[in-house]
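User: I have a protein model open and I'd like to learn how to read it, feature by feature. Can you walk me through it?

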Amino acid sequence: MRISTDSSPLLAVRGEIVHFTDDPFAHGADACVHFPDGLLLVRDGHVLDCGPALALESSLPTDARRVDCSGKLILPGFIDTHTHSAQTEIIASHGEQLTTWLETYAWPAEARHADPAYAAAGAGFFCDQLLRHGTTTAMVFTTVHPASTEALFEAARARRMRMIAGKVLMDRNCPESLRDTSSEGDAQSRALIEKWHGRERLAYAVTPRFAPTSTEEQMRQAGRLFGEAPGLYLQTHLAEQRAEVAWAMWLHPGARSYLDIYERFGQLGARSVFAHCIWLDDEDRLHMAAHGATMSFCPTSNLFLGSGLFDLGRARDFGLRVGLGSDIGAGTSFSMLQILNEAYKALQLVGQTLTPEAGFYLATLGGARALYLDSYVGNFLPGREADFVVLDPHATTLLGARMSHASTLAERLFALMMLGDDRCVAATYILGEPAFQRDVSVRSQNL
């Protein structure tokens with residue numbers, strides 16, 4: 001092919017490239033594209049082409065900027081479909097069940113984010129942690145304070161990250177310091193939408209924390225707001241623990257199920273993302289699939305809080321959109337590799353398996369599809385935004401020893417799932433530019 005020399009200089013990243021063009025759950029190995037010695041070509045922050053290095057290298061213009069990632073894996077940036085920016089500081093707090101954990105750890109931490117300076121520092125640290133773990137896109141709960149949401153959007157914009165976030169709505173059953181009113185929460189959300197939604201790579205999510213902490217009026221207003229602006233998201237929690245389900249049903253005695261509460265208030269639809277989704281029945285799954293809603297599978301927090309085991313197989317049976325969530329800070333790692341590790345183990349406990357191809361699909365293109373972002377990110381098709389992660393499969397001596405006995409791509413991906421963590425992230429790129437770089441052997445050369 002002949003590569004155009006128009007516009008900005010071309011970036012050519014060479015290494016072992018892996019990405020997905022479809023769902024390996026349905027299409028098996030054909031969904032995975034693998035170039036053992038590949039070249040990823042980027043111009044103006046977008047993928048121009050991707051293919052075998054030998055086929056593309058001869059056509060590179062003389063001013064191309066080459067990055068040598070030999071011996072490393074290049075994958076699309078990881079996508080986190082559920083996390084909390086204000087809970088980073090309480091990660092790994094001694095475990096409790098959900099409501100006690102919220103009262104003891106989460107809510108006091110979130111209250112500190114009323115201070116704009118504290119919120120700004122926390123948001124910057126949170127975004128930097130995402131990047132150093134290879135995550136380039138995230139859907140995030142901030143706190144009830146508008147300043148917390150402003151701070152996160154500012155931090156994400158400064159790093160050019162693709163980010164979906166929203167101010168938490170809570171007007172009952174929570175501390176006074178974290179309580180808004182239905183009218184106040186609606187007005188503040190509208191102001192944030194006006195300022196941030198659709199700006200650069202940012203989008204807004206209407207964010208009722210969960211049904212028990214919002215009055216019927218606030219739930220009604222949240223549903224109405226969700227339906228108003230094009231491309232708006234809604235995020236909340238659903239059926240995480242049995243006691244939570246019982247509490248929600250006691251507060252809404254006329255509802256058929258916990259999901260039905262959200263549906264009654266107009267919160268079930270395309271771009272509504274429900275975290276956890278453990279204690280559901282098939283009618284709930286049918287309704288979610290019919291409305292194009294998304295489940296966020298959060299294995300590290302589900303295990304940490306003893307919430308239960310997500311049924312990925314049943315979600316797949318109904319054709320549901322599913323992404324992976326770190327759920328920081330009940331979740332115990334920002335690392336998508338560690339999240340895949342625990343997802344594999346949790347599924348083993350319910351008699352299901354997670355192939356390495358399926359796991360890395362969920363972390364990349366699957367997450368993009370779950371968030372309706374697959375026309376922008378998730379793989380290396382031409383025109384996609386060039387967010388990618390460079391993984392070192394020999395980052396630790398144990399990984400290196402295991403890799404020396406791995407003969408297939410699937411074996412090596414599985415070893416990364418089981419043994420990898422943030423030490424494997426050699427570099428993270430946003431729109432074709434390094435946003436985090438650990439490994440000096442990832443060399444940039446202007447030729």
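User: Let's start with the largest pocket: which strands each supply at least two residues of its lining?

Analyst: The general idea first: rolling a probe the size of a water molecule over the atoms shows where empty space is left. In this predicted model, β7 (162-166) and β9 (202-208) each give at least two residues to the lining of the largest pocket. The largest share, three residues, comes from β7. The volume of this pocket is about 200 Å³, and 15 residues line it, with R162, L202, A203, L373 and Y376 closest to the centre.

User: Next, cores. How many residues are in the largest nonpolar core?

Analyst: Here's the background: in soluble globular proteins, nonpolar side chains tend to be buried together. In this model the largest nonpolar core has 108 residues, and M163, L238, Y258, M288, L354 and F360 have the most contacts inside it. Take L238 and skip residues up to four places away in sequence: its partners include Y258, L259, F274, I278 and M288. There's also a second, separate core of 19 residues, with F35, A386, A426 and A427 among them.

User: Now backbone angles. Which residues have a positive phi without being glycine?

Analyst: Two to look at are E200 and A239. E200 has a phi of about 50 degrees, and A239 also has a positive phi, near 50 degrees. You'll find E200 in the loop between α6 (182-196) and β9, while A239 lies in the loop between β10 (233-238) and α8 (242-251).

User: Is E200 buried or exposed? And A239, buried or exposed?

Analyst: Compare each relative accessible area with the cut-offs, under 20% for buried and over 50% for exposed. E200 comes out at 54%, so it is exposed. A239 comes out at 0%, so it is buried.

User: Where is there a cis peptide bond?

Analyst: Look at I328 and G329: a cis peptide bond joins them, with omega about 5 degrees. G329 sits in the loop between β13 (321-324) and α13 (336-348).

User: What about P61, buried or exposed?

Analyst: P61 is in the loop between α2 (53-57) and β4 (65-76). Its relative accessible area is 10%, so P61 counts as buried. For a sense of distance, the C-alpha atoms of P61 and I261 are separated by 58 Å, and these residues are 200 apart along the chain.

User: Last one: which element has the lowest mean pLDDT?

Analyst: For the protein, the mean pLDDT is 95, and 96% of the residues reach 70 or more. Strand β17 (residues 443-446) has the lowest mean among the elements, 44, whereas strand β5 (residues 78-84) has the highest, 99. Over residues 443-447 the pLDDT is below 50, and over residues 1-5 it stays under 50 as well.

Methods
Residues numbered from 1 in each chain as written. Predicted model: local features only at pLDDT ≥ 70, side-chain atom pairs only at ≥ 80, totals over all residues. Heavy atoms only, no water. pLDDT = per-residue confidence, 0-100. Helix = DSSP H or I, 4+ residues; strand = E, 2+ residues; numbered from the N terminus. Contact = heavy atoms within 4.5 Å. Core = buried A, V, L, I, M, F, W, Y, C linked by side-chain atoms within 4.5 Å. Buried < 20%, exposed > 50% of the residue type's maximum accessible area, 1.4 Å probe, protein only. 1 Å grid on protein atoms, 1.4 Å probe; cavity = no way out; pocket = protein on both sides within 12 Å on 5 of 7 lines; lining within 4 Å. Points joined across faces, edges and corners; volume = space filled by probe spheres on them.
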